[in-house]
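Please keep the sequence and the structure open while reading.

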Amino acid sequence: MNFIKVDSYEKLSNMAADIIANVVKENKNAVLGLATGSSPLGTYARLIEKYNAGELDFSGVTSVNLDEYVGLDGDNDQSYRYFMNKNLFKHINIDINKTSVPNGCAKDLNKEGEAYDKMIEELGGIDIQLLGIGLDGHIGFNEPDEFFTKETHLVDLDESTIEANSRFFASKDEVPKQAITMGMYSIMQAKKVLLIANGKSKREIVEKAFFGPITPYVPASILQLHKDVTVIYSEN
Ligand code: GLP
């Protein structure tokens, strides 16, 4: 594992964007696994800057996102589809038809999960998976549990996740109670994994996840078994 500690969110974002940019420069048809949350915002802003500077071409790139809230469609400004369009896709030349976010409004969420995994498989897997980490150690929305789940699946969000994510909603009651998330198989099969975490509040969980035992009670700890994982942590 490549664990990098930096002293600012700006450095974290620059470094993460450089790593993703190199993947796109090496392979114009790269498959990017993308994440939402506040952590990747700086990384996406840097990628947009690089695109505007003519350094990057996303026209051949495909993207797959980790997760989506159940019941929110892409027009809902709290949905992760909306987040991706707003914070990245509409600013770069990626083909929107080559961007995927699980459909949280699918009638049959199990089928949606199966189809999502099949799609990733058919793309040949993910070249680089960007991840944040939840305060409870979740990646995507893989919450602490007795076991790791392989497939893209429906999850009941933990009370602590609902609480943490309520900052984006008008009230806690508006936070969806369920989500659909990529499972550990697609994440662990990604050729590279890049996890970013910032803030003092993440320090304890980052230590547990990367320097503690590998346990489904700390979902991100499974990444210790990945052969090419970079963790960038900034306390500020
Ligand atoms: C959310 C997302 C995760 C994200 C995490 C941390 O619930 N599902 O993919 O990594 O929480 O979010 P933040 O970066 O805002 O701390």
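Is D18 buried, partly exposed or exposed? D18 is partly exposed, with a relative accessible area of 37%. Buried means under 20% relative accessible area, exposed means over 50%, and partly exposed lies in between (1.4 Å probe, protein chains only).

This is a predicted model: local features need pLDDT of at least 70, side-chain atom pairs count only at pLDDT 80 or more, and totals for chains, interfaces and linings use all residues. Residues are numbered from 1 along each chain as its sequence is written, and side-chain values use heavy atoms, with hydrogens and water left out.

**Sheet and helix**

An open sheet is built from 7 strands. Their order is β1-β10-β9-β6-β2-β3-β5, and the pairing is parallel. Helices (H or I, at least four residues) and strands (E, at least two) are DSSP runs, numbered from the N terminus. Two strands pair if DSSP finds at least two bridges between them. The edge strands are β1 (2–6) and β5 (99–100), and each pairs on one side only.

Strand β6 (residues 128–131) runs parallel to strand β9 (residues 192–198), with 4 bridges between them. L131 has L195 in β9 as its bridge partner.

Helix α4 (residues 109–122) lies across β3 (62–65) and β5. Its direction makes an angle of about 145° with β3. Axes here are lines fitted to C-alpha atoms, for helices over the stretch in contact (heavy atoms within 4.5 Å). Angles run from 0 to 180 degrees between N-to-C directions.

**Salt bridges**

Side chains of opposite charge can pair when their charged atoms come close. A salt bridge here is a side-chain nitrogen of Lys or Arg within 4 Å of a carboxyl oxygen of Asp or Glu. The whole structure holds 11 salt bridges. Three of them are tabulated.

| Pair | N to O distance |
|---|---|
| K50 and D18 | 2.6 Å |
| E207 and R203 | 3.4 Å |
| E235 and R203 | 2.4 Å |

K50 sits in helix α2 (residues 41–52) and D18 in helix α1 (residues 9–26), so this pair ties together parts 32 residues apart in sequence. K50 is buried, at 14% relative accessible area. D18, K50 and E55 are linked in a network of salt bridges.

R203 takes part in two of the tabulated pairs. E207 and R203 are 4 residues apart in helix α7 (residues 203–211), about one helical turn. E207 is partly exposed at 40% relative accessibility. R203 is partly exposed at 37%.

**Pocket and cavity**

Both kinds of space are found on a 1 Å grid over the protein atoms alone. A cavity is a set of points where a 1.4 Å probe fits but cannot get out. A pocket is an open set with protein on both sides within 12 Å along at least five of seven lines. Lining residues have an atom within 4 Å of a point. Grid points are joined across faces, edges and corners, and a volume is the space filled by probe spheres set on the points.

The largest pocket holds about 810 Å³. Its lining has 36 residues, with G37, S38, N165, R167 and F168 nearest the centre. The elements giving two or more residues to this lining are β4 (67–69), α3 (80–87) and α5 (159–165). The largest share, 5 residues, comes from α3.

There is 1 cavity of 30 Å³ or more. The largest cavity has a volume of about 30 Å³. L32, L34, F58, V61, S63, L88, F89, I92 and I94 line the largest cavity.
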